[in-house]
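Please read it alongside the sequence and the coordinates.

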Amino acid sequence: VWLDCLVEGEDGVGFAGLTFVSLLTSVDMSSSPTRNDDLKEMLENNKESLKLEAMKRIVGLIAKGKNASELFPAVVKNVASKNIELKKLVYVYLVRYAEEQQDLALLSISTFQRALKDPNQLIRASALRVLSSIRVPIIIPIMMLAIKEAASDMSPYVRKTSAHAIQKLYSLDPDQKEHLIEVIEKLLKDKSTLVAGSVVMAFEEVCPERIDLIHKNYRKLCNLLVDVEEWGQVVIISMLTRYARTQFTSPWREDGVFDENSERAFYESDEEKTRDDTEIKPYTMDPDHRLLLRNTKPLLQSRNTAVVMSVAQLYWHLAPRNEVSIVTKSLVRLLRSHREVQYIVLQNIATMSIQRKGMFEPYMKSFYVRSTDATHIKSLKLEILTNLANEANISTILREFQTYVKSQDKQFAAGTIQAIGRCATNISEVTDTCLNGLVLLLSNRDETVVAESVVVIKKLLQAQPSQHSDIIKHMAKLLDNITVSMARASILWLIGEYCERVPKIAPDVLRKMAKSFTSEEDIVKLQTVNLAAKLYLTNSKQTKLLTQYILNLGKYDQNYDIRDRTRFIRQLIVPNEKSGALSKYARRILLAPKPAPVLESAYKDRDRYQLGTLSHTINTKASGYLELSDWPAVAPDQSVRNVEVIEPVRIHPSICTALFHFCPDSPPSFFHISCYCPSLPVLLPGEGVGSITGEDWEVQAKTYSPSDLRHCVDIGFVKQLLFRVSGYLHVFRSVTVSYVVPFVPQEVKLQKEVSLLDLDDCELTDVKPWFCPSVLSPSLLTDLEGLSLSNISTMQVSGPAFVPEKSHNLLHRMTGKGLAAQYQFTRQPCLYQPNMVSVQISLTNTSDHRLEQIHIGERSPAGLKIHCFNTIEFLEPDASVTVSMGIDFNDSTQAANFQLCTKEDQFSVSIQPAVGDLFLAVTMTEQDFRKEQGKLQGMNECSATITVTAENTSSQPLNRRVAAMANVGVVPSGQDNVHRFAGKTACSGAVLLVTVELRESSAAVITINTEKSVMGSMLLRDLKKSLAQA
Amino acid sequence: MIHSLFLVNSSGDIFLEKHWKSVVSRSVCDYFFEAQERASEPENVPPVIPTPHHYLISVLRHRIYFVAVIQSEVPPLFVIEFLHRVVDTFQDYFGVCTEAAIKDNVVVVYELLEEMLDNGFPLATESNILKELIKPPTILRTVVNTITGSTNVGEQLPTGQLSVVPWRRTGVKYTNNEAYFDVVEEIDAIIDKSGSTITAEIQGVIDACVKLTGMPDLTLSFMNPRLLDDVSFHPCVRFKRWEAERILSFIPPDGNFRLLSYHVSSQNLVAIPVYVKHNITFREGSSQGRFELTLGPKQTMGKGVEAVLVNSQLPRGVLNTNLNPSQGTYTFDPVTKLLTWDVGKINPQKLPSLKGSMSLQAGASKPDENPTINIQFKIQQSALSGLKVNRLDMYGEKYKPFKGIKYMTKAGKFQVRT
């Protein structure tokens, strides 16, 4: 009802409006208080351009953070505008202010509900986006419904949006969790790469504890990962890291056990060791665990630093120890990126380098500090260099540190001094060198440097005070000049602690301090009190009065701590009746030997957080941080990840071959794919326009995998379709591919008639997977046939009905000095030239050295046309490679002789075709077959009567026999006893028709009609032999 | 994930804000301003700042801080990478990414941000897709739009969004089909006092500008692919093919993009193309210091060293300099103490030098450290590592494209310690 009263703006813009806008703009510059009224007026105007202008200015206000909420009623009216830009800006406004103006926001809801049904997927998606972004609790049921509907939308883009909406609804009303989990469960099953990242994000936000939802989708996610968009990859990888830690056993166990064993061997009895051995079960990695590691590895090459980091952390947390180091190179590469990226990566390297020095040691120089680095980058690099220091490289590192100490950035110089201190404690060989170096720094002019040195020296001396009394003396002298309180306090503590080593100097220092006590910092005062107490105990004769003086000063100090400390010390060291037993132990309390401080990295315990996380960066648990669990001792049931395989995956190679080899040499202009999947009753038809060539296909044809299929076919057109095909490949029962190619020269005859239909000079080519030749061509073909007005003879080159497995020897390994070659007729139309026969050659290197530059050399007869394979740069020992080439046999069975050359040798080889290999299978209707047969009578016909063996009398084996002998296609036949086959010669394209008519008592008449009578009779001879054979 | 975004200029004003979830008050930026005040240099502001209820993750580019507000755990690199992608997109759209450009195009910026994130999670970040959704503003288009009332906003879902080549838009047409590749190598080095190399490495990129009609499928092969030690690819590159054959095979995005970044293995000794002779001394007690600098070419493979620029941060004690360049111009900023010498081209016959004296603060003690010298230079038509493109082939389209490959070597972080 509300919406009915909304006026929709009229379309149409005039120049008058334009000038009006500029006028308005100038007006509102001068009178800003009335600005919003102007905007309201513009929004209520009928002119779209004015409205748009108004909305643009409103968005400007929002961007500046100014309040524009009073315009809400005027803006919301335009939500149903036809102008898409205006509409989008209204959306922006709505999302910003709907929370504040809930009642008015409801006005817009029905528009979105309508838009959710729009045929345009972009509009559906954006309606859902806005609807779910309006944070108004009343509409929660509507949102829920919309999300559920969108989750089963046809368009993956809309489904992706629904995954985002799940999180929005959850943050608005966590009570909906159970329902939302249902939607998440459904979307997790989605096979689109577009949806995967977003739904995993929703999973992480809504129900990260429901790890059971992942089981069935685990393998799919691993396999899709490479094709998911980069942001989704990050989310999926971190989720899978968590998942893997709950589902697999530790791959680290083995080396851990190994280490223990080798240690134990030294000092424990053999008996125990053997018992241990029996306990150890050999570790085998779960194949799913391996799958994850394998599929994430290529992502280390991603340009997205977040992806690289997430793979690195995955390897760190999941991979066996010896495999982790493959991430090093990539992490070091990230250091070339922006400053902020460097910061995060260096932090993670700092944590990693504590545990695994070896990983980064070869890249030590990449962590050298440059004077232009930001301070936090410098200190992180310093941290890493310190972590990497060991006996071997310490001298290099210290030399580098010497440069840093002199840096103009004093904060950094101070950091370096601390780093030197850490190196000195960690590597005992250099302790003295470092200490001497630090003492030299004590005469530095910069106070922060000196102060830091004092603090570090104090720590070092504490670790080994034995022979360093001269350093202490030197430091005592410094006390006159140093003003940094921390350093002064450190010196005082040192002198107090080792006062017996410097008996002459210590009382003097105390005297000086007593003089300046009142003006010192608190921390210095405390240490002065300490020093006084310790001297009183060791040398009370000289210092009794001084101590009392200091204690009196301390008693009236302003600071509580100092007063407390003074009182405590006085009771402790000056025995009186009240002090009781404690003062007897004063010496043992104050001068107890103190453990040396351990200088360790600030990143020491950061590894409690998962690497790459925010929590790791800030070193506290961020809200929403999901703990990485420890490896389970016993692996949970592996079978939960098994997915019922609907159909065997035998389909790939055939589809691929079909696609590869049925690309005619002129680029198809139209492409059609339909796929049928028994479990998901969806037909995915579609079309695209583009162009293509075959060169690249051939290379890809070597490895038949879905992702290759995707890459090689997807050039330009049918992107969406093939993308789906690749995603769904394993579930399809049949995939039919057909395409229309433009004019092919040698089929002019057919051409003419097709063009009558005004199909833009098209010939129709249909390809079917060869294992189901009886499936008829897809709807497109029938559609087009239905269009035809007359009996048009259409002859289509189809996939071979049978591809002989048999391969022939081309080059024996003995004659080829290790290079062995075999060839096979693929019976596919040749990619390079239509009149060539395609031959597949597999080359194997059986020698023990690598063969280089394998190529084709001279050929004979001289006119022989060969499309050579590209030169193979090298072939490793025991490696083999399959290449394909095209040979123009010119419709004769004369062998093609040529030379197969390597870098060193040349071998003459020859390929001898059987006559049946010189044809290409063709499909045609029975009608056409008869028509063609009628044209090929007399001289062009040859026939023979034979006796066929019993098993060849039924159609299946007979068809197979004939197809094995010659590359011909089966022509559907109306009679049971007559079998027809059609083909054409590869070179001249002459039609070949074979008829096998079964008579009584296993007699059969074979008739062959073709212009090429020589080939006809040769084929007849072969067929006779084959069919008569058992 | 990303809750809100604030854009802060160098004077500490928030000039744009965008919220993807509930509105976060801009007072959250006070924590950022605090950190900004504490930092001595703009670069020193920590990228991640925790506050009581939020976390601020910021990047600094073009003297603008892009401050993202985060509420819960998220990989920080995810946010940082995204923010950089936002800056790249702005640069792509407006040519420059300055405060003025953003303010002028605030509506387009808003529309872009709206498309790039949904509920804080990246939605469309590929420039080719965004350009189909929101057309970049040009003067011509603005005029046309005001007259015809058409908009910059696309009505259809970009085809790329659903395809496996999301980086390329469909229906690309050019009258001149051309593909240019720039092989740019940067040499990072630290040279010590005595002129010996402490560390040197070569990082390279191949930037492409491809303007080809239709859906071309390109392959690029190298004469010496083994040089490349560590590579990262644009998503368009087929990884398997690279693994197997060391050939780059890809369907390129339309327009400019970075095809490949690589690192040349450190085993190969890096030839340092320039050398520096320096003599910078401060005498104790005197208020004068000597400054002498001579540059010369070294191992440049016969190519000239151009666009040489030297800068150095002199110690704080230096009041002024009185130097005499044999070529080019030099400036010294007495406030920041930054010495800049624009040398230009190095003539091997007559080496450029900069000589003279520095006046020091009277009575101040001599600085402990000599300044570091940063050098920038360019060498045209040569890639320092020796990387050579063998050939570029195109499949999938009929026309003959115009192909071009350019090589260049630049100084990256090239520092000489004195």
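B:Glu245 and B:Arg241 both belong to helix α8 (residues 239-245) of chain B, and because they are four residues apart there, about one helical turn separates them. Their side chains meet in a salt bridge, with an N to O distance of 2.9 Å. B:Glu245 is partly exposed, at a relative accessible area of 31%, whereas B:Arg241 is buried at 9%. The model is a predicted one.

**Salt bridges**

Over all chains, the structure holds 64 salt bridges. Three of these pairs are listed here.

| Pair | N to O distance |
|---|---|
| B:Glu245 and B:Arg241 | 2.9 Å |
| A:Asp917 and A:Arg827 | 3.0 Å |
| A:Asp888 and A:Lys865 | 3.6 Å |

A:Asp917 and A:Arg827 form a salt bridge through their side chains. This pair links distant parts of the chain, 90 residues apart: A:Asp917 sits in the loop between β14 (906-911) and β15 (919-923) of chain A, and A:Arg827 in strand β7 (residues 819-829) of chain A. Buried or exposed? A:Asp917 is buried, with a relative accessible area of 9%, and A:Arg827 is buried as well, at 5%.

The side chains of A:Asp888 and A:Lys865 also meet in a salt bridge. A:Asp888 is in strand β12 (residues 880-888) of chain A and A:Lys865 in strand β10 (residues 865-867) of chain A, so the pair ties together parts that are 23 residues apart in sequence. A:Asp888 is buried, with a relative accessible area of 8%; A:Lys865 counts as partly exposed, at 43% relative accessibility.

A network of salt bridges links residues of both chains: A:Lys88, A:Arg129 and A:Lys168 with B:Lys18, B:Glu114, B:Glu115 and B:Asp118.

**Helix α4 of chain B**

Two members of that network, B:Glu114 and B:Glu115, are among the buried residues of α4(B). The helix spans residues 106-116 of chain B, and 11 of its 11 residues are buried, so it is largely enclosed by the rest of the structure. Its buried residues also include B:Val106, B:Tyr110, B:Leu112 and B:Met116.

**Nonpolar cores**

The largest nonpolar core has 262 residues. Those with the most contacts inside this core are A:Ile58, A:Tyr93, A:Leu331, A:Phe367, A:Phe401, B:Phe66 and B:Phe90. Helix α2 (residues 76-94) of chain B supplies the largest share of the core, 11 residues. A second, separate core of 68 residues includes B:Ile187, B:Leu228, B:Val264 and B:Val343.

Beyond residues up to four places away in sequence, B:Phe66 touches B:Leu5, B:Phe6, B:Leu7, B:Ile57, B:Ser58, B:Val59, B:Arg61, B:Leu83, B:Val87, B:Phe90 and B:Cys97.

**Two further buried residues**

A:Leu494 is found in helix α29 (residues 485-497) of chain A and counts as buried at 1% relative accessibility. Not counting residues up to four places away in sequence, A:Leu494 touches A:Lys458, A:Leu461 and A:Met475. A:Leu494 and A:Gln462 are 32 residues apart in sequence, with their C-alpha atoms 8.1 Å apart in space.

B:Glu126 is placed in the loop between β7 (121-122) and α5 (127-133) of chain B. The residue is buried, with a relative accessible area of 15%. Leaving aside neighbours within four places in sequence, B:Glu126 is in contact with A:Arg303, B:Pro166 and B:Trp167.

Key
Residues numbered from 1 in each chain as written. Chains lettered and ligands numbered in written order. Predicted model: local features only at pLDDT ≥ 70, side-chain atom pairs only at ≥ 80, totals over all residues. Heavy atoms only, no water. Helix = DSSP H or I, 4+ residues; strand = E, 2+ residues; numbered from the N terminus. Buried < 20%, exposed > 50% of the residue type's maximum accessible area, 1.4 Å probe, protein only. Contact = heavy atoms within 4.5 Å. Core = buried A, V, L, I, M, F, W, Y, C linked by side-chain atoms within 4.5 Å. Salt bridge = Lys/Arg side-chain N within 4 Å of Asp/Glu carboxyl O.
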